[in-house]
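Here is a friendly walk through one structure, in questions and answers. Take your time with the picture before reading on.

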Amino acid sequence: MILIQLFYLMRRQLQTRPLFNHSSYRLLNFIRCYSTNHQLKWPSSRVRQTFVDYFIQHSQIPHTIIPSSSVIPPKDSGTYFVNSGMNQFKNIFLSQQKHNSQQCVVNYQKCIRVGGKHNDLSDVGHDTYHHTFFEMLGNWSFNNAYFKRQACTMAYDLLTRIYGLDKDRLYFTYFKGENNLIEADNETKQIWIDLGIDPKRILPFGMKENFWEMGEIGPCGPCTEIHYDHTGLGDSMQVNADNPRVVELWNLVFMQYERRQDKSLIPLNQVHVDTGMGLERLVAVLNTLESNYDTDLFTPLFDTIHSYCPKTSSIPVYSQANQNQQYAYRLLADHARMFTIAISDGLVPEKKGIGGLVKKMIERATRIAYEYLHIDEENIAILSKLIPITTKILSQAYPDLNEKLNRTVELVKSCEINYMKKYQLAKPFMEKFIQNKLQESNYMISGEEIYRLYAGKYQNINVPLEMIEDYTRLYPQLKIDWTNFDKLMREETRKSKMYSIYNKTVKANQNISDHHHPTDKIFDLIKQSSKVKSTIDEPYKYEIDKSLNAHIQLIINDQLNIVQSIDKKLKYYILLDRTNFYSTSGGQSSDRGTIQFSNDLTFQVENVFRLHEYILHYGHFLQNGNITDQNVVCNVDEQRRLNLSRNHTTTHLINKALREILNDSNLIQKASLIHEDYFIYEYSSINTDTTNTVFEQLEKRINEIIQRDLPISISSHNYNNIRSDTNIYRLSNELYPTNVRCVNIDSTYSRELCCGTHVSSTKQIEDFLIVRVDSKGHSNKRLYCLTGSYAKHARDLFENDFQKKFHYLEQHQNEMSLDKFYYECQQIREIYFDDKSLLFPYNQRLNYMDRWHKLILDKKILRKYFSNQLNKNLENNFMQSNVDLPIYDIGYMLLRYNDENNNRKHQPYVIYINSHQKKLIIYLKNPRQRNQLIEHMKNHYKMNLVTNFEDYDQQTRGLFTITKKLAVFEPIEKDVSFDRINFQEMCTELFSNVF
């Protein structure tokens, strides 16, 4: 009441004289929203806590509370975001993880639904009960702890006795079966009847409504839903009819099946219960509100939005706004909640992936705020101003939001401002474009026009696609050719990849695992063997200074047969009862080594990976033979382990040092990839400084720490005991087990949760070198680094090979033939200056790149050189060059080459060989000889005609597929050496026997 009186007092003062500026106006609105929310009988915090307390304190089936997982899903989960409470328990449902201590759990889970199978994005803002971000209240039963009857009984008791809902406002649905393929869930129907529910309120529905699946694959089963009727009219036809006054409240899922890749359903070994109830809807129902947006989860955001609307526009408060304005209020509030949660969990708005979805949604909300609420330039970054309010509302449940507040605000603000700069340029241009269309009575916007608008081909102004869509809604007579636009976008994507055929990558495949294993089928074989037990790898995987005696449980060949007889030509999977091999995890590649059998059989371990609770050793035998004894000895390659450990420890040093150098305590390590010969460290920071100075400082500091010989120790902790310890770094989107391992560098310098392997002191790292830095978006950077002997080797190459060759070329450029000079430059470029090279010190790159660009030849000079060479070789009809012109230029000049008088100068046949590209291009004046040539090249020289030009641009594809006077050949076997003498003989033979 005091706050309400204060508000009216300040309002009267404002009416008499302007005592307060615009910021005071915002304060008034903030006070008003909280004074209103305190009147709620069921505030959201009370609703959330009551739910948890009910299950924790349940007399017969007590539950354990589990913290919410990150909304960023594991890579193999099949979802865009974590979209339900059960995602973190997926492995338990699939019997891939044991969960002995906590059979019954409860939590409130952060969820986001903006893509994939469960996608609420299109409804958000248009209605009063869909959201991109929401909280899912849930309780779970694992491994038959309880099932349908207990789950239904507790749900009904909580809703009616504890929350006090009228049972006559509730409807209950169940699964009616599907085409005799899946039986109806009549058991659940009977349970509701036994609980005293009127059978008229128990309704059957099909797969869409009452069969729940997390994604395209994974655990699933029939479900029963509880709906709430705001109308009280008792019309059962309104259930699942998209009536905003009859809403789904709680979904109880009974996990009985697993959906496989082939879409089949198989029964789970043990059944589970997964229930989920949206907090937002429940708070609205308990406070007799028909809109979720009228609850204390949203009203403070509405008042903040209104406070930033310009007074001159006379935008009313949410409750008095028109339909479009209310839509904008709801969308901004909803999206601000989603951004706050997603970015605080480590996501970054960027071009691709789920980060791309977030970026598009920020841009969408920014545009809506500008167009519908007339947010002026002063307050243009309205979304970033909503993040502190969202944090205040949700931080009681999710305290980590406070730690990430500044970073989240900066990222969203930057995205908003950048978008509005583009938007304000595009809007008047687009309006003029549309007006011209209408004046010309040309109501079709072609795919090419959309592409040119979007790609900035008109006056370098990029028009957002959603702006184009808006104008088509504004002017219904306009039609858009989206189909052709999609084709042009696919074509552009292909063109952007064309240079990949010229660049050699040091590591073409940067996946940790070198193989794609048929894990589903292997797991099925393991489950069929009743005697197989989980593999034990701790503490053995951290103790490689000695061999480990182990026992064979299964040997499976690559044809997926369990065997005892060995063929050294095949690959095998060996499952042991224990192992000291480190399996691929935590971004670190697996160990390699040998498994020695008692009868002198040796198994070469190439890869080790975890398959749920089992660890499989993949590789080959060095001999043929039979398995006569199940006892083996495991020997890990210690040098490889040392190199991996050096690299992994260095990622911890970088994590600490970068935070200090960039002065960003909220810097997020997005990923790391630990190979034996190099490692990748990817991070996100609001400090976007990427000058060489930053990476020079980083390299210098890491090497200083290495020389300080800091000791490294390992400590074990209960995760719940150290969750709030800000001195221990942990990944924000990682799900940690109960017992965790902490890597301590000098006990205080760096402390980080990690399951990987590490050196015992920093001196063992020996050396550190950054060799490449990629930008992965506005705030994302990816570092490629070397340590130990690999770093020393790169330094030696730079000093003793590169510098000598480079300086020689600078000094003797004019003394060398163009072909020779180009060849030498090409060698340097491939080894050191290629974008993928990992052999050139990054901090030397800027210095040498300027000199390199002055040294290399441009395309005009190369074309002139090619023409001269063509002219000189006319009598021989043959030329060979290392000049790396694109094949389009070569083909075009062979086809169109004339002298200064436009007379055709060369012979009817010209053969051009490029040793670097391993391509042979032949010009035929008479294309009727083409088929004979193709057959002759295939039979005599093992060379095939190139017919697939999909990796090239449109010009190249057109030139070589339309004209029959040009033929491009390449060796059938890719490792064939291009030798000049062989080609000279080939040309002589072709002119004798074919031409």
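Q: At what angle do helix α20 and helix α24 pack?
A: In this predicted model, α20 covers residues 692-707 and α24 covers residues 842-855. Two packed helices are described by the angle between their axes and the distance between the axes. Here the axes lie 9 Å apart, and the packing angle is about 145°.

Q: Which residues in α24 are met by Asn692, Phe695, Glu696 and Glu699 in α20?
A: The residues of this contact divide into three nonpolar, two polar and two charged. On the α20 side stand Asn692, Phe695, Glu696 and Glu699. Their partners in α24 are Tyr842, Asn843 and Leu846.

Q: How far apart are the end C-alpha atoms of helix α14?
A: Helix α14 runs over residues 405-439, which makes 35 residues. At 1.5 Å a residue, α14 should span 51 Å. The model agrees with that, as the end C-alpha atoms are apart by 50 Å.

Q: Where does α14 bend by about 30°?
A: A proline, Pro428, follows the bend within four residues. The residue at the bend itself is Ala426.

Q: Which residue takes a positive phi just after α14?
A: The phi value there is about 55°. The residue that takes it is Ser441.

Q: Which residues is His758 in contact with, leaving aside its neighbours within four places in sequence?
A: His758 is found in the loop between β24 (750-753) and β25 (768-775). His758 is buried, with a relative accessible area of 16%. Its contacts, with those neighbours left aside, are Ser645, His648, Thr649, His652 and Val743.

Q: What is the relative accessible area of Asp185?
A: Asp185 has its place in the loop between β4 (170-175) and α6 (186-194). Leaving aside neighbours within four places in sequence, Asp185 is in contact with Lys148, Tyr174, Phe175, Pro222 and Phe254. Asp185 is buried, and its relative accessible area is 4%.

Note on methods
Residues are numbered from 1 along each chain as its sequence is written. This is a predicted model: local features need pLDDT of at least 70, side-chain atom pairs count only at pLDDT 80 or more; totals for chains, interfaces and linings use all residues. Side-chain values use heavy atoms; hydrogens and water are left out. Helices (H or I, at least four residues) and strands (E, at least two) are DSSP runs, numbered from the N terminus. The expected span of a helix is 1.5 Å times one less than its number of residues. The bend at a residue is the angle between axes fitted to the seven residues ending there and the seven starting there. Axes are lines fitted to C-alpha atoms, for helices over the stretch in contact, and angles run from 0 to 180 degrees between N-to-C directions. Contact means heavy atoms within 4.5 Å. Ala, Val, Leu, Ile, Met, Phe, Trp, Tyr, Cys and Pro count as nonpolar, Asp, Glu, Lys and Arg as charged, and the others, Gly among them, as polar. Buried means under 20% relative accessible area, exposed over 50%, partly exposed in between (1.4 Å probe, protein chains only).
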